[in-house]
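Work through the two exercises below with the sequence and the model at hand. Each task is followed by a solution in steps.

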Amino acid sequence: MQESHSLNWDDLKYFLAVARSGTLRAAADSIQVNHTTLTRRLAVMEERVGSRLFDRSKKGLVLTQLGEDLLPHAARVEEEMTAASRVIVGRDAQPSGTVYVALPHGLAMTSIMDDLAAFAEAYPEIELNLTFANTVADLTRREADVSLRVAHEVTDDVVGRKLVQMSQAAYCSKAYAQRVQDNGGAGLHLIGWHEPEEAVSAKWVQDSYYPKAQLRHRVSELVPLITLAASGLGMAYLACNLGDRHPGLIRAPFQKPLAYRNLWLLLHRDLRNTARVRLFVDFLASRITARRNEFWVAGTVMRRT
């Protein structure tokens, strides 16, 4: 390339963010830069290559033909840069620095928070940078060093430990529990999750001990689901290590806990020999598996009988 058409990794990073997000503001948020900075850098990049990379449409920014041609090359550069970063971090043998951890919102209300505090006290030279989100962190892109994930199975190219299998049950307030009879939930309500508004039942309701209960109300996040159940809005199905911990909830009568998903502790294979990451993973795995009965509770059955 002529010097006037040269690119660097920062150029491609901004280009990829816009290509994936479709808008300048969403792209700026995704890579945590100022909106003005990203706009300016994109303009400079287009000036360097001598042509537009994006056209504006009603839906946002769309790639031009040149942008489409550049996209796979930029993605390959990103893969190489993140691979190089993992190699460098993977050779770090000092138990100090920052461990980046991704985990779902719900775990913030469990005893795992006590484990994180205990780790920080035991290893004061290691800092924890915690991202709570319900989206799955891409460890191959170094969105996190370690991920805690609640799932049946994990198929990513990562090193994974299945720590424990979890139980779930229907929870409600003490006052609401007085309304529960041994009749399959007739006349009762279960708080909905993301079901269609017109739906009054769902497969998970039919598979529960309250198949006659109707879905009523909807929430989009776990924290309000728990809070509303404790306020008496209805019953909510929760992981037992979450529901048992909440002072305003009890397990609803006339049921047995049901098998739920597994709790996984994941890291990219290039980081398994990094001292601070290895210490964190071993510490957390040891503490969680020692409390296995907190996650898989007595009386749990694989399916309703």
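A polar contact is a pair of N or O atoms within 3.5 Å; within protein, one atom must be able to donate a hydrogen and the other to accept it. The model used here is predicted.

**Exercise 1.** Locate Gln255, decide whether Gln255 is buried or exposed, and find the backbone oxygen atoms that its side chain reaches.

Solution. 
- Step 1. Gln255 sits in the loop that joins strand 10 (250–251) to strand 11 (258–267).
- Step 2. Buried means under 20% relative accessible area. The relative accessibility of Gln255 is 18%, so Gln255 counts as buried.
- Step 3. The backbone oxygen of Ala170 is reached by the Gln255 side chain at 2.8 Å.
- Step 4. Leaving aside residues up to four places away in sequence, Gln255 touches Ala169, Ala170, Tyr209, Tyr210 and Tyr237.

**Exercise 2.** Describe how helix 1 and helix 3 cross, and list the residues through which they meet.

Solution. 
- Step 1. The axes of helix 1 (residues 9–21) and helix 3 (residues 35–49) come within 10 Å, crossing at roughly 110°.
- Step 2. Angles of 65 to 115 degrees count as roughly perpendicular, and helix 1 is therefore roughly perpendicular to helix 3.
- Step 3. The crossing of the two helices is left-handed.
- Step 4. Helix 1 contributes Asp10, Asp11, Leu12, Tyr14, Phe15 and Val18, which meet Thr37, Leu38, Arg41, Leu42, Met45 and Arg48 of helix 3.
- Step 5. Sorted by type, the residues of this contact are seven nonpolar, one polar and four charged.

How values were computed: Residues are numbered from 1 along each chain as its sequence is written. This is a predicted model: local features need pLDDT of at least 70, side-chain atom pairs count only at pLDDT 80 or more; totals for chains, interfaces and linings use all residues. Side-chain values use heavy atoms; hydrogens and water are left out. Helices (H or I, at least four residues) and strands (E, at least two) are DSSP runs, numbered from the N terminus. Buried means under 20% relative accessible area, exposed over 50%, partly exposed in between (1.4 Å probe, protein chains only). Contact means heavy atoms within 4.5 Å. Axes are lines fitted to C-alpha atoms, for helices over the stretch in contact, and angles run from 0 to 180 degrees between N-to-C directions. Angles under 35 degrees count as roughly parallel, over 145 as roughly antiparallel, 65 to 115 as roughly perpendicular and the rest as oblique. A crossing is left-handed if the near helix is turned anticlockwise from the far one by less than a right angle, and right-handed if clockwise. Ala, Val, Leu, Ile, Met, Phe, Trp, Tyr, Cys and Pro count as nonpolar, Asp, Glu, Lys and Arg as charged, and the others, Gly among them, as polar.
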